Amino acid sequence: MGDQHSTAAATERAAAVTVPEAAGAVGAATGTVRTPGRAAALAPVGLVVGGALSVQFGASIAVLLMPRAGALGVVSLRLAVAALVMVVVCRPRLCGHSRADWGTVLAFGCAMGGMNTLFYQAADRIPLGAAVTLEVLGPLALSVIASRRLVNVVWAGLALGGVVLLGGGGFDRLDPVGAAFALGAGVMWATYIVFSARTGRRFPQADGLAMAMVVATVLTLPLGILESGSKLFVPSTLGLGAAVALLSSVLPYTLEFMALRRLPAPTFAILMSLEPAIAAMAGFLVLGQALATTDALAIALVIGASMGAVRGQVRRGAARAGRGRGGKANARV
């Protein structure tokens, strides 16, 4: 997640939570002044958590699919099916966009394709929990670089401590190539966050997301075909690939895309620290990977950091709602 650092303040302002005027009016009429602001602030947080749950359980299924289709094959299947679904559902309009619009969606698609390709190369070489733990360092770094709030640095530091603890101090024993792929995926993930927010502001609904998925598919599908060939078209493989696409691409990317329209990028990045905890849970339920006591403590630290970020987001959303209602009242007077 270069030039994105120089526009961090603009990203934060433009992606901030927007409280609908109608909600403020209802709150004023019923006397529940703080509820609408809190509900509006919590809504994008729920979208992020739902997307994280979906993507990690999808990743667990993808790990089971890799022996059949290979890492690159899984990536290409996932993105191709997801792109097809999104294009059919969204029917994005191709006319009337500026060169800057197309540049943004192209960068978004490249980040998406790079993130997926590098992550699955990592998951093919190192355990899923370790891969996600290293990958999440990208969003954590973004939250510190992009935010001008000291409290976000504190929450990011706490989450980083949990991430390192979840690694169990054993990263030095991992396949160095796999670890490098995971760190590269983290860089792409941070870039994805930045350009997802920019795409959401330039394109209506999910049009930009659908176009970006097509770009990612064009980049990755040739690699998958070269690696796996006809194995990609076995019916059972196609079925599992479709499940991975829905769980790890269509649903989570749509939820995150919606959340980033209303959530500051630094707060979103801190919430991404939930991913290792969710990955550990998915690994336990789907892959039978047990949690140690140290893992449970690490997960508690990560969740605590995310709750702190969410609490700050809710307070800022409620405060903005209060200021908006006060301004309207003064205008009426």
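This note goes through the fold, the surface and the aromatic contacts of a predicted model.

1. Basis. Local features need pLDDT of at least 70 in this predicted model and side-chain atom pairs count only at pLDDT 80 or more, while totals for chains, interfaces and linings use all residues. Residues are numbered from 1 along each chain as its sequence is written, and side-chain values use heavy atoms, with hydrogens and water left out.

2. Overall make-up. The protein chain has 15 helices and zero strands; helices (H or I, at least four residues) and strands (E, at least two) are DSSP runs, numbered from the N terminus. Of its 333 residues, 51% are buried, where buried means under 20% relative accessible area, exposed over 50% and partly exposed in between (1.4 Å probe, protein chains only).

3. Surface. Accessible areas come from the Shrake-Rupley method with a 1.4 Å probe, and for residues only the protein chains shown count as cover.

4. Nonpolar patch. Val144, Ile145, Leu150, Val153 and Val154 form a nonpolar patch with about 440 Å² of accessible area together. Two elements, α8 (137-146) and α9 (150-166), each give two or more residues to the patch, and α9 supplies the largest share, three residues. Ile145 belongs to helix α8 and is partly exposed, at a relative accessible area of 47%. Patch residues have over 30% relative accessible area and no salt bridge; like charges are joined within 9 Å and nonpolar side chains (Val, Leu, Ile, Met, Phe, Trp, Tyr) within 5 Å. A salt bridge is a side-chain nitrogen of Lys or Arg within 4 Å of a carboxyl oxygen of Asp or Glu.

5. Aromatic pairs. Rings of Phe, Tyr and Trp (its six-membered ring) pair if their centres lie within 6.5 Å; planes under 30 degrees apart count as stacked, over 60 as edge-to-face and the rest as tilted. The count is two aromatic pairs. Phe108 and Tyr192 have ring centres 5.4 Å apart and planes at 40 degrees, so this pair is tilted. Because Phe108 lies in helix α6 (residues 99-123) and Tyr192 in helix α10 (residues 176-202), the pair ties together parts that are 84 residues apart in sequence. Phe108 is buried, at 0% relative accessible area, and Tyr192 is buried at 1%. For Phe119 and Tyr120 the ring centres are 5.5 Å apart and the planes at 70 degrees, so the pair is edge-to-face. Phe119 and Tyr120 are both buried.
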